[in-house]
Amino acid sequence: MQIVDAHAHLWLRQDTVWDGKPIRTTTRGRSFFLDGEVQMLPPFMIDGRNSAEVFLANMDYAQVSAAVITQEFIDGNQTEYLGTVQKQWPDRFLVSAMCSSYEPGFLAEASKYIGQGFKALKIPAHRLETSHGRIMLNSDEMMRMFRLMESRGVILLIDLAEGETQLAEMREVIAECPNLKIAIGHFGFVTRDGWQEQIKLARNPNVMVESGGITWLFNAEFYPYPSAVRAIREAIDLVGIDKLMWGSDYPRTICAITYKMSYDFIVKSKDLADTEKEMFLGGNAARFYGFHDLVELPYIKNMSE
């Protein structure tokens, strides 16, 4: 099967502030993150660069044909770098722009990125609870941006707050912009209460759900993540296999596992049919994001085999 990763990240350096606290690349794959140092990248990425070149090496090794590059406020705005990535490897990546949607005036920023040709825009909506109050997804400026995106065919990548906090707002967005393509991230924060209601948003024809970070959310259980497979099975029952996509949340998740392991547990599961695996791991994402002529990647034998 051909595999497409619907949720991955790239950056050259983390250097930002969130909620008044710093996020800074340090050394040996670590970053100072808000209140202390964490292993942000695998320790062999010693320079802190989470580059497209390194990711492509991982993708080729794991036989992943293409990837959608999303963004997060905690990594800093990587839009300029991602624009160069898109131009250099248009057959392997679809990248997102990200504007400062946590403060007024972001519509102009979004309009600029859309004018530059970005095909997707990311909102980490679970971080829109600010010291000035929560930024509402159905606010006037947000709705104007969503209508612009809908008219220009720009895909919305969005991670919602846990549970049902933003569901009413999201339902209004979907109703007002029925042709806006939307991908809900992190499998609805599947280990949190109310995740099924986020999955049900995919009952709308323009909405999909991707599983970026599912191995992180089930990290306490660890490989082969039987509860994650059961959650995928439950989501299939709720919305159908054609509305679900695999995502890795690379690179943070590969501090605990290899990149291939982030989907291999699905391949080896006996609880999913082969056709379901093919759709979940690549077919649905290729269709939704418009990947054509996916690259064929040969299997490269390990020295240890």
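Me: What is the volume of the largest pocket, and what makes a space a pocket?

Reply: The largest pocket holds about 480 Å³ of space. On a 1 Å grid over the protein atoms alone, a pocket is an open set of points with protein on both sides within 12 Å along at least five of seven lines, whereas a cavity is a set where a 1.4 Å probe fits but cannot get out; lining residues have an atom within 4 Å of a point. Grid points are joined across faces, edges and corners, and the volume is the space filled by probe spheres set on the points. The lining of the largest pocket comprises 23 residues, and those closest to the centre are I74, W216, D249, R252 and T253. Two or more lining residues come from each of β5 (36-39) and α7 (214-217). This is a predicted model, in which local features need pLDDT of at least 70 and side-chain atom pairs count only at pLDDT 80 or more, while totals for chains, interfaces and linings use all residues. Residues are numbered from 1 along each chain as its sequence is written, and side-chain values use heavy atoms, with hydrogens and water left out.

Me: How are the residues of that lining divided by class?

Reply: The lining of the largest pocket has 10 nonpolar, 7 polar and 6 charged residues. Ala, Val, Leu, Ile, Met, Phe, Trp, Tyr, Cys and Pro count as nonpolar, Asp, Glu, Lys and Arg as charged, and the others, Gly among them, as polar.

Me: Which helix gives the largest share of the lining of the second largest pocket?

Reply: Helix α2 (residues 79-88) gives that share, with 6 residues. Helices (H or I, at least four residues) and strands (E, at least two) are DSSP runs, numbered from the N terminus. The second largest pocket has a volume of about 260 Å³, and its lining includes T79, Y113 and K119. By class, this lining has 3 nonpolar, 6 polar and 3 charged residues.

Me: How many cavities of 30 Å³ or more does the structure have, and which residues line the largest cavity?

Reply: The search of the whole structure finds 1 cavity of 30 Å³ or more. The volume of the largest cavity is about 40 Å³. A6, H7, T70, K122, L157, I158, D159, A183 and E210 form its lining, to which β1 (3-8) and β12 (155-158) each supply at least two residues. The lining of the largest cavity divides into 4 nonpolar, 2 polar and 3 charged residues.

Me: Why are β2 and β5 said to stand at the edges of their sheet?

Reply: The open sheet has 4 strands in the order β2-β3-β4-β5, with antiparallel pairing. β2 (15-18) and β5 each have a single partner strand, so one side of each is left without a neighbour in the sheet. Two strands pair if DSSP finds at least two bridges between them. β3 (residues 21-25) and β4 (residues 30-33) are joined by 3 bridges and run antiparallel; R24 has F32 in β4 as its bridge partner.

Me: Why does W246 count as buried?

Reply: W246 counts as buried because its relative accessibility is 0%. Y259 is buried at 3%, F288 at 5% and Y289 at 6%. W246 and Y259 also belong to one aromatic cluster, together with F55, W89, F93, Y250 and Y263.

Technical notes: Buried < 20%, exposed > 50% of the residue type's maximum accessible area, 1.4 Å probe, protein only. Phe/Tyr/Trp six-rings, centres within 6.5 Å; stacked < 30°, edge-to-face > 60°.
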